[in-house]
Amino acid sequence: MMPLNIEATEDSPKVILDDQNQVFLLEGESRPQHAYNFFKPIINWLEEYGKILFWQKEHFGKNRRMTVQFKLNYFNSTSAKFIGDILFILDKLCEDGFEVRVKWYYSKEDIDMK
């Protein structure tokens, strides 16, 4: 599967979704003006990756692990909705028997991010 790489901007986080190198990262600030347009490719990629994982498990007995890192300094309420959608997809993968870890990074002082 082709990796998805999105460079960070002033309003949007860096995104790396790379199954070959097992890198799944969202890092930076998330307050894109057009959140749907920003997050839709991420959600599509994860849904497609889930299908590939399921197919590999069915045909080859492979059960790959994945660790998704969220290193967000800030996200607005619209981004929170899409981050929730991403977490829902990851939870569904867990329910389907895949080992998915989420690492949520935050500053100790940032109670809201926690």
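1. A nonpolar core is taken here as a set of buried Ala, Val, Leu, Ile, Met, Phe, Trp, Tyr and Cys residues joined through side-chain atoms within 4.5 Å. Buried means under 20% relative accessible area, exposed over 50%, and partly exposed in between (1.4 Å probe, protein chains only). The model is predicted: local features need pLDDT of at least 70, side-chain atom pairs count only at pLDDT 80 or more, and totals for chains, interfaces and linings use all residues. Residues are numbered from 1 along each chain as its sequence is written, and side-chain values use heavy atoms, with hydrogens and water left out.

2. The largest nonpolar core has 28 residues; Leu17, Phe39, Ile42, Leu46, Met66 and Ile86 touch the most other members. E1, E2, E3, H1, E4 and H2 each supply at least two residues of this core. Its largest share, 9 residues, comes from H1. Helices (H or I, at least four residues) and strands (E, at least two) are DSSP runs, numbered from the N terminus.

3. Ile86 touches Leu26, Phe39, Ile42, Ile43, Leu46 and Phe70, leaving aside residues up to four places away in sequence. Contact means heavy atoms within 4.5 Å.

4. The sheet is open, with 5 strands in the order E1-E2-E3-E4-E5 and mixed pairing. E1 and E5 are the edge strands, each pairing on one side only. Two strands pair if DSSP finds at least two bridges between them. The twist averages 15° from one strand to the next.

5. H1 packs on the sheet and touches E1, E2, E3 and E4; its direction makes about 15° with that of E2. Axes are lines fitted to C-alpha atoms, for helices over the stretch in contact, and angles run from 0 to 180 degrees between N-to-C directions. Buried residues of H1 include Phe38, Trp45, Tyr49 and Gln56. Gly61 follows H1, and its phi is positive, near 70°.

6. E4 and E5 (residues 99–104) pair in the parallel sense over 6 bridges. Arg65 stands opposite Glu99 in E5. Gln69 stands opposite Lys103 in E5.

7. E4, H2 and E5 make a right-handed β-α-β unit. Right-handed means that, with the strands pointing away from the viewer, the path from the first strand over the helix to the second runs clockwise. H2 lies across E3, E4 and E5 and runs at about 170° to E4.

8. Asp91 lies in H2 (residues 77–95). Asp91 counts as partly exposed because its relative accessibility is 38%. Asp91 and Leu25 are 66 residues apart in sequence and 16 Å apart in space, C-alpha to C-alpha.
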